[in-house]
Amino acid sequence: MVARKTLVEHLLEKQLITPEQAEEAKAAGPDPRKLIIDKGWSVEVDVYEAWAKQEGIPFVDLNKHKPEPSAINVVPVNVVKKHSAIPVKKDGNRLFVAMLNPRDIVAIDELRMQSRLMVQPMASAPTDILAAIKSNYADVVAPTPSAMTPSANAGGGFADAMKAMAELGPATGGDIDDDDGGSMADQAPVIRMVNAVMVQAIDLGASDIHIEPGRRTVRVRFRVDGVLREVMAVPKHIQPPMIARCKIMADMNIAERRVPQDGRIGLRHNNKDYDMRVSCLPSQYGEKIVMRILDKATTQIGLGRLGFRPKIQKEIEILTDQPNGMFIVTGPTGSGKTTTLYSILNRLNTIETNILTAEDPVEYELAGVTQVGMNPKAGLTFASALRSFLRQDPDIIMVGEMRDLETASIGIESALTGHLVLSTLHTNDAATATIRLADMGVERFLISATLMGILAQRLARTNCKNCKEPYTVKAHTLRSFGFFAKDNAEELAEWGVDQDDPEADVTLYQGRGCEICGDTGFKGRMGVHELLIMTDEIRDLVVRVAPLTDIYSAARRGGMREMREDGLFKMLNGDTTPKELARVVFTAGH
C-alpha cells in the first residue's frame with residue numbers, strides 16, 4: 001500500500017508552490033488551504049483540486065463545466081442554500097453535486113431525498129460554488145465566501161434531536177411491530193435526530209452509542225471514559241424509524257428483524273473522519289443498536305500520549321526495535337490493547353519495512369500497512385492468514401488476538417524465522433500470559449525462545465483538569481489499598497511519601513465536577529501498565545514449568561512494577577484517584 005499524497009505534495013509536484021512555501025504550509029497544520037490561498041501562492045481552484053485528490057474525492061471545475069438545467073431543476077432552492085451545494089449534472093438515476101463539504105452525510109441524505117436520485121458528491125472551489133448558486137438561483141441570498149469554510153457537522157447536538165423528535169409528532173396508535181420504520185426512516189426529522197445523536201456522542205468523546213428499546217421508551221446511552229451514562233429517552237413511537245434509519249446508514253436489511261446484523265457507517269465531523277461499527281441485536285422490546293465509534297486519528301496518537309511512564313516507554317521501544325521475536329499486550333476487553341499495538345506499528349511504519357496485520361475486524365486504517373480482515377465464513381481465519389503472511393516477505397506481523405493453538409503456533413514459528421510478531425491475549429496480568437500460552441498447547445521451550453516482553457494494561461479515568469483540586473490523606477489509607485511495596489520506597493520518596501510513617505500526610509487530587517466533565521470529576525482516560533521483560537531467569541522458569549509465583553518473583557527482581565504501583569505513581573502525580581484505580585486495577589485475584 002502506498003501512502004496517499006498530501007495537499008502540499010500535490011501542489012509541489014505540479015510546481016504550483018515553491019519548496020520554501022511547501023515547508024511553511026506543512027508547519028501550518030493538517031489543512032493549509034486557507035494559508036496558501038490567502039498568501040496568493042496558488043489559485044483557489046488548484047488548491048481545492050489538490051485537496052480533492054488528497055481526500056480521494058472527485059473534483060469539478062465549475063468554470064469549465066456549467067451546471068445543467070436538468071440537474072438544477074431537481075433540487076429545491078432552500079436545500080441548495082442550506083447546504084451550499086450546486087447540482088451539476090444528471091445522468092440516469094445519478095445526480096452529480098458540487099459541495100462545500102462532500103462528506104457531509106446530512107446534506108447528501110437531504111439531496112438524495114429531495115431529488116429521488118443517487119447523489120455523487122464532488123469537490124469544487126468555494127468561490128465557484130457561490131457564483132454558480134447566484135447565477136442559477138436568482139432568488140437565493142448565498143453565503144459569502146468568507147463564511148463558506150468547510151464544516152462537516154452532521155447535526156447540532158441534543159437541541160437538534162429534540163426539535164426533530166417534536167416534528168415527528170405524537171404516536172398515532174397501532175402496534176409498533178406493524179411497521180419496520182422504513183416508511184419514515186427517510187424523513188428529514190428522523191435523519192436529523194439520528195445524526196444529532198451521533199455528533200453529540202463524538203463531541204462528548206464517547207466510545208459507544210447504545211440505543212435500547214424498552215417497554216415504554218427507547219433509552220439512549222453513551223459510554224464515556226469507559227462508563228455508561230444515560231443521555232436521553234426517546235418516545236416509543238419513534239423507535240421503528242430511528243432503528244430503521246441506523247440500519248439504512250449501516251447498510252443492513254431493515255426488513256430482517258429476527259437475527260443479529262452487523263454493519264459500518266462512515267462519518268466526517270469537524271474535519272475528522274470517524275468509522276462507526278454497528279451491531280443490531282433482536283431483543284424483547286425490539287432491536288437494540290450499539291455503535292462503536294472509531295476515531296481514525298487514534299492511530300496517530302503515539303506511545304508518548306498513552307500514559308506510559310518514561311522508563312516503560314523506553315523499554316517498549318527497545319523491545320519492538322528488535323528484528324525478530326514476539327511482543328504481547330494483554331488485558332481485558334476495552335483496555336486499549338489495539339490502540340497500543342497501532343501506536344507501536346505507527347512508530348515502526350517506515351518505507352523500509354513490510355508490515356502485515358490480521359484483524360477481526362480491521363478497526364483503523366494504517367497508511368502503508370497491509371491490513372487483512374478476518375472472514376471465517378470464507379475460510380479466512382487468523383491461522384490461514386498467518387500462513388499466507390509468511391509467503392508475503394513480511395518484516396513485522398501483527399495478529400489481532402492469539403485465540404487458539406494453531407494461531408499461537410504459527411505466530412511463534414514466525415517469530416523464530418526472523419519476524420517481529422505483535423499480538424494480544426486476554427489475561428489479568430503480564431506473568432499469567434506465559435501460563436496461558438502453555439495452556440493453549442504451545443511448547444514451553446518455544447515460548448522461552450521467542451517471547452521478548454509482555455505488557456499488561458488497563459484504562460483508568462483521569463481527573464478533569466478544569467476542576468481537580470487537592471486533598472490530603474494519611475499514608476495508611478493508601479497502604480490499605482495495597483499500593484505500597486518494599487522495593488519502591490525510593491521512588492515514593494520523590495513525592496515526599498514515607499511509607500514507613502503511616503500517619504504522614506499524602507496530597508492527592510480529585511475532580512469536584514463541572515460542565516466540562518459532565519459533573520463526573522473525570523475527563524479522558526490513561527493507561528495503567530506493567531511490563532514484564534523476559535530475562536534469562538524467567539526463560540529458565542518457563543521451561544522448567546515453574547509455578548506462577550516464581551515467575552512473578554523473578555519479574556519483580558528484573559525490575560517489573562505492578563499495575564497498582566504504576567497507578568500509585570500516577571495518582572500521586574494528580575492524574576487519578578484511589579477509588580478509580582481500585583475499580584480498574586484490583587480484579588479477581590489481584
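Residues are numbered from 1 along each chain as its sequence is written, and side-chain values use heavy atoms, with hydrogens and water left out. In this predicted model, local features need pLDDT of at least 70 and side-chain atom pairs count only at pLDDT 80 or more, whereas totals for chains, interfaces and linings use all residues.

Strands of a sheet pair through backbone hydrogen bonds, either parallel or antiparallel. Here, strands are DSSP runs (E, at least two residues) numbered from the N terminus, and two strands are taken to pair if DSSP finds at least two bridges between them. Six strands form an open sheet in the order 6-5-4-9-8-7, with antiparallel pairing. Strand 6 and strand 7 (261-269) are the edge strands, each pairing on one side only. From one strand to the next, the twist averages 20 degrees, where axes are lines fitted to C-alpha atoms and angles run from 0 to 180 degrees between N-to-C directions.

Strand 4 (residues 206-213) pairs with strand 5 (residues 217-224) in the antiparallel sense over seven bridges. Within this pair, Phe 222 of strand 5 stands opposite Ile 209.

Arg 223 has Leu 228 in strand 6 as its bridge partner. The hairpin of strand 5 and strand 6 has two residues between the strands, and Asp 225 takes a positive phi near 55 degrees in this hairpin.

Strand 7 and strand 8 (residues 272-283) are joined in the antiparallel sense over nine bridges. Met 276 in strand 8 is the bridge partner of Ile 265.

Technical notes
Helix = DSSP H or I, 4+ residues; strand = E, 2+ residues; numbered from the N terminus.
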